[in-house]
Amino acid sequence: MKLTFLGTRGYIKPRTERHYMMASLLVSYRHTKVIIDRGEDWIGNDNWYDANAVLVTHAHPDHAWGLKAGAPCPVYASKDSWERMGSFKIDKRRTAGIHEPVTLGDITFEALGVEHSTRAPAVGYRVTCGRHSFFYAPDLVYIYDRQDALGGADIYIGDGSTVDISFVRKRDDTLIGHSPIRTELTWCHKEGVPLMIVTHCGAQIVGAEDEQVLIDRIDAFAAERDVKAAVAFDGMELLLR
Ligand SMILES: [Zn+2]
Ligand SMILES: [Zn+2]
């Protein structure tokens, strides 16, 4: 299985060479390729990497608006997201139901609910390729069924909006926003996931004078929890055999 981080920036103005495009992931395994998320940065970009499908985590601009003019392949999204993507010129609409695994060629993916936004309910995807699997959730406060999402996974690819500052707000009794990386590393520890890869990087990482200072801080949080962490950057590739 090969992971290519096409973009690693969150929904923020600052951008650097390392975090230029909005968070998007290309998964390749044998003869199948899928892209997860395509934000508004990608409008006008014709490179679809020969993907067999695009999966959408939620209908926010930085995750879905690059699909406004359509896609050359089927697009999978939750019922909630489709309601918010009604005007998009997508021909091949597929609904990815929560806890309903979909097998597409050599890749299996399953949407699981995560708390993030009342206006754009979000999911994360548990993706399985042969004996490897990971959970991708770039925007979240928490995972509803954390054990289903993370149990037995090789990697958790999570929300880098904040390293250790709380961005969680309460609205009408629900939590919205972003969990700090520090908290996400605790989830990895609790569910036995050995590695967190940080994407959807926020101002703390992208706006840092020296990103290495933040990477060192994340590494320290990871070490305290007996897990490993890496901050993804645009173009980063990871091969799992
Ligand atoms: Zn986002
Ligand atoms: Zn969002």
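**Ground rules.** I am working from a predicted model, where local features need pLDDT of at least 70 and side-chain atom pairs count only at pLDDT 80 or more, while totals for chains, interfaces and linings use all residues. Residues are numbered from 1 along each chain as its sequence is written, and chains are lettered from A and ligands numbered from 1 in the order in which they are written.

**Hairpins around S8.** I began with S8 and S9, which make a hairpin with six residues between them. My helices (H or I, at least four residues) and strands (E, at least two) are DSSP runs numbered from the N terminus, and I call two strands paired if DSSP finds at least two bridges between them. S8 and S9 (residues 122-129) are antiparallel, with seven bridges. Across that pairing, Ala111 sits opposite Tyr125 in S9.

Then I went back a step to S7 (residues 102-104), which runs antiparallel to S8 (residues 107-115) and is joined to S8 by three bridges. Leu104 faces Ile107 in S8. The hairpin of S7 and S8 has two residues between the strands, and Gly105 has a positive phi there, near 60°.

S8 also pairs with S11 (residues 142-143), antiparallel again, over two bridges. I found Glu115 opposite Tyr142 in S11.

**The seven-stranded sheet.** In what order do the strands of the open sheet run? I read S6-S5-S4-S3-S2-S1-S17, with mixed pairing. S6 (93-95) and S17 (237-239) are the edges; each has a single partner strand, so one side of each has no neighbour in the sheet. From one strand to the next the twist averages 25°, using axes that are lines fitted to C-alpha atoms (for helices, over the stretch in contact) and angles from 0 to 180 degrees between N-to-C directions.

Inside this sheet I checked S3 (residues 32-36) against S4 (residues 53-55): they are parallel, with three bridges. Ile35 has Val54 in S4 as its bridge partner.

**The core.** Which residues have the most contacts inside the largest nonpolar core? They are Leu55, Tyr156 and Met196, in a core of 71 residues. S9 gives the largest share of this core, five residues. A nonpolar core here is a set of buried Ala, Val, Leu, Ile, Met, Phe, Trp, Tyr and Cys residues joined through C-beta atoms within 7 Å. Buried takes 20 or more other C-beta atoms within 10 Å of a residue's own, exposed 12 or fewer, and partly exposed lies in between, with C-beta atoms placed from the backbone.

I listed what Leu55 touches, skipping neighbours within four places in sequence: Val34, Ile36, Tyr76, Ala96, Phe109 and Tyr125. Contact means C-beta atoms, placed from the backbone, within 7 Å.

**Helix H4.** In H4 (residues 181-191) I found Ile181, Glu184, Leu185, Trp187 and Cys188 buried. Down the axis of H4 they fall within an arc of 150°, so they line one face of the helix; the arc is that of the directions from the helix axis to the C-beta atoms. They pack against H3 (146-150), S12 (155-159), S15 (195-199), H6 (211-224) and S16 (228-231). Gly192 follows H4 with a positive phi, near 75°.

**His99.** Is His99 buried or exposed? His99 is exposed, with 11 other C-beta atoms within 10 Å. I located His99 in the loop between S6 and S7. Leaving aside neighbours within four places in sequence, His99 contacts Glu110 and Leu112.

Key: Contact = placed C-beta atoms within 7 Å.
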